[in-house]
Amino acid sequence: MNLPQALQNITHSLEAARAASPLAAPRISLLAASKGQEAAAIEQAIAAGITCFGENRVQEAEYKWLKIKEKYSNVQLHLIGPLQTNKVKEALSLFDVIQTLDRPKLADALAKQGPGKTQFFIQVNTGKEPQKVGVAPQEAGGFIDYCRALGLPVRGLMCVPPADQPPAPHFALLRQIARAHGLEELSMGMSEDYAVAARMGSSCVRIGRALFGERL
Ligand SMILES: *Cc1c(COP(=O)(O)O)cnc(C)c1O
């Protein structure tokens, strides 16, 4: 399947999800997860109308995106992979949104750079998986308060549910934590489960393989 066709299928599924569910967000943005994709594939996605992209690694994103961003000023770039504190400066200058804010030390390092244009999502480890990043669900409230007190513009929550479990309870938990703390945006849903996420209130689905095909 080519990219414009894949995009059309995804758009239709998102519209159907929105029509079918009272929990669905009024607007669901599609983030193209472009890790491992070359600039040519990214430019093809831009030509098809996609304006929001996600990268997992600061260095790969710098290498690929400095030129693309110059050329397409309306494109938004999100960081969706873990951020090390020694890459904070680069990340703030490159990314419009950092979706992986997940620990006080990182929040401190980001706040130290002063206010900028970058906005934040807090990543929640809804499955409490030891090998995964993200703040634990029971600590999310305290961490949201901590980030707000530092002046970081927190827009919402993000999660990556465990691969071996049905995602719906994780999406429900993320939504519940967000609502309890006055956060509107929910970044949840990937290639396998974005329709479920959309029905459960996702405002940002992050899609890689269903859009670009399998990664090499
Ligand atoms: C790669 C990635 C995605 C997209 O995954 P697909 O299964 O290819 O849709 C979404 N979110 C994060 C955090 C990712 O690393």
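Colleague: Which residues surround the ligand?

Modeller: This is a predicted model. The ligand is surrounded by A33, K35, N56, I80, V160, M190, S191, R206, I207, G208, R209 and R215.

Colleague: Which side chain has an N or O atom 2.5 Å from an oxygen atom of the ligand?

Modeller: Take the polar side-chain atoms around the ligand. N56 has one at 2.8 Å from a ligand oxygen. The side chain asked for, at 2.5 Å from an oxygen atom of the ligand, belongs to S191.

Colleague: Where does a polar side-chain atom lie 2.9 Å from a nitrogen atom of the ligand?

Modeller: A polar contact needs a pair of N or O atoms within 3.5 Å. Here the ligand atom is a nitrogen, and the polar side-chain atom at 2.9 Å is in R206.

Colleague: Are α2 and α3 roughly parallel or roughly antiparallel?

Modeller: Helix α2 covers residues 39-47 and helix α3 covers residues 58-71. Their axes are 11 Å apart, at an angle of about 30 degrees. Angles under 35 degrees count as roughly parallel. Helices α2 and α3 are therefore roughly parallel.

Colleague: How many charged residues are in the contact of α2 with α3?

Modeller: Helix α2 brings A39, I42, E43 and I46, while α3 brings K64, W65, I68 and K71. The contact has 5 nonpolar residues and no polar ones. The number of charged residues is 3.

Colleague: Is the crossing of α5 and α6 left-handed or right-handed?

Modeller: Helix α5 spans residues 104-112, and helix α6 spans residues 137-149. Their axes come within 10 Å and cross at roughly 15 degrees. The two are therefore roughly parallel. Their crossing is right-handed.

Colleague: Which residues of α6 make the contact with α5?

Modeller: The residues of this contact divide into 5 nonpolar, no polar and 1 charged. From α5 come P104, A107 and D108. From α6 come F143, Y146 and C147.

Key:
Residues are numbered from 1 along each chain as its sequence is written. This is a predicted model: local features need pLDDT of at least 70, side-chain atom pairs count only at pLDDT 80 or more; totals for chains, interfaces and linings use all residues. Side-chain values use heavy atoms; hydrogens and water are left out. Axes are lines fitted to C-alpha atoms, for helices over the stretch in contact, and angles run from 0 to 180 degrees between N-to-C directions. Helices (H or I, at least four residues) and strands (E, at least two) are DSSP runs, numbered from the N terminus. Angles under 35 degrees count as roughly parallel, over 145 as roughly antiparallel, 65 to 115 as roughly perpendicular and the rest as oblique. Contact means heavy atoms within 4.5 Å. Ala, Val, Leu, Ile, Met, Phe, Trp, Tyr, Cys and Pro count as nonpolar, Asp, Glu, Lys and Arg as charged, and the others, Gly among them, as polar. A residue is near a molecule or strand if one of its heavy atoms lies within 4 Å of it. A polar contact is a pair of N or O atoms within 3.5 Å; within protein, one must be able to donate a hydrogen and the other to accept it, and residues adjacent in sequence count only if both atoms are side-chain atoms. A crossing is left-handed if the near helix is turned anticlockwise from the far one by less than a right angle, and right-handed if clockwise.
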